[in-house]
Amino acid sequence: LQYNEVTDYLLNQYFSRIIDLCGNIFPALYFYFIHSISYIKENKIFVEFPELLDLNFVNSFKSDYYLVLTSIFIHESLTLNEISTLNNISLEDSWIILNYLIEKKILLSNTIEKKCFYYINPIVNRPLSSILAKKNYLYF
C-alpha cells in the first residue's frame, strides 16, 4: 500500500472489522488490537487479524456450561471454588467445564495473589452474550 492509502485501509478494513466484532465495548476493542500486534520494528507496528472464533458449537452446550458462563458474565471473573459454589457443581466438574472453555478460547484465566480467576475472552463477549440471551440465561 502507498502511505496515503494506509489510513483508509485501516479505517475500512481493520477497525471496521473490529467494531463489527466487538461493538463499542472498549476493553474488547483494546484486547483485540493488542492481540493483533504481530511485532514491532523500527517504530512500526505490524498487525494481523487474530484468529476469530466460530461460536456455533456453543449452541449445543449442556445447561451446566451455560450456567458457568452466565455466572462469570454476571460477576466478571470468578475462581474455581466460586463457580462450583454458585452453580452447585462439583469442583471436578467445574474444573472440566472451565478447562474445556479455556481450550476453546471462550474463557481466559489470570492468577492474582495465588488465586486463579476465570473471565470471558473479551473478543467473544458480544457474540457470547447474544447466545446466552437467546437461550434465556442472560437478560438485558
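This is a predicted model: local features need pLDDT of at least 70, side-chain atom pairs count only at pLDDT 80 or more; totals for chains, interfaces and linings use all residues.

Mentor: A crossing is called right-handed if the near helix is turned clockwise from the far one by less than a right angle, and left-handed if anticlockwise.

Helix H4 covers residues 80–87. Let us begin with its packing against helix H3, which spans residues 63–75. The axes of H3 and H4 come within 10 Å and cross at roughly 115°. Angles of 65 to 115 degrees count as roughly perpendicular, and H3 and H4 are therefore roughly perpendicular to each other. H3 passes H4 in a right-handed crossing. On the H3 side, the contact is made by Leu67, Val68, Ser71, Ile72 and His75, which meet Ile83, Leu86 and Asn87 of H4. The residues of this contact of H3 with H4 comprise 5 nonpolar and 3 polar ones, with no charged residue.

The other packing to consider is that of H4 with helix H5, residues 91–103. Here the axes lie 9 Å apart, and the helices pack at an angle of about 115°. That angle makes H4 roughly perpendicular to H5. H4 passes H5 in a right-handed crossing. The residues of H4 that take part are Leu80, Asn81, Ile83 and Ser84, and they meet Leu91, Ser94, Trp95 and Leu98 in H5. The contact of H4 with H5 divides into 5 nonpolar and 3 polar residues, and none is charged. Ile83 of H4 is listed in the contact with H3 and also in the contact with H5.

Ser94 belongs to helix H5. Its relative accessibility is 0%, so Ser94 counts as buried, the cut-off for that class being under 20%. Leaving aside residues up to four places away in sequence, Ser94 touches Leu80, Ile83, Ser84 and Ile89. Leu80, Ile83 and Ser84 are among the H4 residues that meet H5.

Ser129 lies in helix H6, residues 125–134. Ser129 counts as buried because its relative accessibility is 11%. A polar atom of the Ser129 side chain lies 2.8 Å from the backbone oxygen of Arg126.

Key. Residues are numbered from 1 along each chain as its sequence is written. Side-chain values use heavy atoms; hydrogens and water are left out. Axes are lines fitted to C-alpha atoms, for helices over the stretch in contact, and angles run from 0 to 180 degrees between N-to-C directions. Helices (H or I, at least four residues) and strands (E, at least two) are DSSP runs, numbered from the N terminus. Angles under 35 degrees count as roughly parallel, over 145 as roughly antiparallel, 65 to 115 as roughly perpendicular and the rest as oblique. Contact means heavy atoms within 4.5 Å. Ala, Val, Leu, Ile, Met, Phe, Trp, Tyr, Cys and Pro count as nonpolar, Asp, Glu, Lys and Arg as charged, and the others, Gly among them, as polar. Buried means under 20% relative accessible area, exposed over 50%, partly exposed in between (1.4 Å probe, protein chains only). A polar contact is a pair of N or O atoms within 3.5 Å; within protein, one must be able to donate a hydrogen and the other to accept it, and residues adjacent in sequence count only if both atoms are side-chain atoms.
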